[in-house]
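Visitor: Hello! I am new to protein structures and would like to learn how to read one. Could you show me the structure we will talk about?

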Amino acid sequence: MGKDSKPKDKGKGKQAAGSSGGDDAGGGKGGKGKGGKSADGLGTCTYVKARHVLCEKQGKINEAYKKLQDGWLDNGDKVPPAEFAKIAQEYSECPSGKKGGDLGWFPRGKMAGPFQDVAFSTPVGATSAPFKSTHGYHFILCEGRKN
């Protein structure tokens, strides 16, 4: 009861990868897969299908996320992909925004640091909280996972 700290060693912290997020941006962050045993099974898949919203400014990502909170998340509902797509088209500064934020299926190791961590740990059908990466501020809708 007296131990509030979690046993996981985060000695590396949330360091930004030195690269600008190229295709092989996952390097050196603890491996790619089968060793990632997770009690909830979220850390064991090798592919994830996701949508996201990317904004340079934190205020803009918070405004977009608030729309999802007001419409669905505050009620405990999941955000329908079509509604998430509308928010992405309106707010996202990523080229994928034109496609409703759809990133399709991507493997572990394709996306940089925090983006990959959030994408592979968000349950299917759930929307992540906003987070910062080397590219700006995001939130993600996880649409599927597979091996």
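**Reading the rings, cysteines and helices**

Guide: Gladly! A search of the whole structure, which is a predicted model, finds five aromatic pairs.

Visitor: How is a pair of aromatic rings described?

Guide: In general, a pair of aromatic rings is described by two things, the distance of the centres and the angle of the planes. Take Phe-106 and Phe-120 here: their ring centres are 6.1 Å apart and their planes stand at 80°, so this pair is edge-to-face.

Visitor: Which parts of the chain does the pair of Phe-106 and Phe-120 tie together?

Guide: Phe-106 belongs to strand β2 (residues 102–107) and Phe-120 to helix α3 (residues 113–121), so the pair ties together parts that are 14 residues apart in sequence.

Visitor: And is Phe-106 buried or exposed?

Guide: Phe-106 is buried, because its relative accessible area is 2% and the cut-off for buried is under 20%. Phe-120 counts as buried too, at 3% relative accessibility.

Visitor: What kind of aromatic pair do Phe-115 and Phe-131 form?

Guide: That one is tilted: the centres of Phe-115 and Phe-131 are 6.1 Å apart, with 55° between the planes. The pair links distant parts of the chain, as Phe-115 sits in helix α3 and Phe-131 in strand β3 (residues 131–133), 16 residues apart. Both Phe-115 and Phe-131 are buried. Putting the rings together, Phe-106, Phe-115, Phe-120 and Phe-131 are linked by ring pairs into a cluster.

Visitor: Which residue lies over the face of Trp-105?

Guide: Lys-146 does, at 4.4 Å from the ring centre of Trp-105.

Visitor: Let us turn to cysteines. What is a disulfide?

Guide: A disulfide is a covalent bond between the sulfur atoms of two cysteines. This structure holds zero disulfides. Cys-142 is in none, and the nearest cysteine sulfur, that of Cys-45, is 7.4 Å away. For a disulfide, the sulfur atoms would have to be within 2.5 Å. Cys-142 counts as buried, at 1% relative accessibility.

Visitor: How many helices and strands are there in the protein chain?

Guide: The protein chain has three helices and four strands. Read from the N terminus on, the elements run β-α-α-β-α-β-β.

Visitor: At what angle do helix α1 and helix α2 pack?

Guide: Helix α1 (residues 58–71) and helix α2 (residues 81–91) pack at about 155°, and their axes are 10 Å apart. That angle makes α1 roughly antiparallel to α2, because the cut-off for this label is over 145 degrees. As for the handedness, α1 passes α2 in a right-handed crossing.

Visitor: Where is Gly-71?

Guide: Gly-71 is in helix α1, and at 32% relative accessibility it counts as partly exposed. Gly-71 and Glu-83 are 12 residues apart in sequence, and their C-alpha atoms are 9.5 Å apart in space.

Visitor: Is Pro-95 buried or exposed?

Guide: Pro-95 is exposed, with a relative accessible area of 65%. Look for Pro-95 in the loop between α2 and β2. The C-alpha atoms of Pro-95 and Leu-54 are separated by 9.4 Å, while the two residues are 41 residues apart along the chain.

Visitor: What share of the protein chain do buried residues make up?

Guide: Buried residues make up 37% of the 147 residues in the protein chain.

Definitions and conventions:
Residues numbered from 1 in each chain as written. Predicted model: local features only at pLDDT ≥ 70, side-chain atom pairs only at ≥ 80, totals over all residues. Heavy atoms only, no water. Phe/Tyr/Trp six-rings, centres within 6.5 Å; stacked < 30°, edge-to-face > 60°. Helix = DSSP H or I, 4+ residues; strand = E, 2+ residues; numbered from the N terminus. Buried < 20%, exposed > 50% of the residue type's maximum accessible area, 1.4 Å probe, protein only. Lys NZ or Arg CZ within 6 Å of the ring centre and 35° of its normal. Axes fitted to C-alpha atoms, helices over the stretch in contact; angles between N-to-C directions. Parallel < 35°, antiparallel > 145°, perpendicular 65-115°, else oblique. Left-handed = near helix turned anticlockwise from the far one by under 90°.
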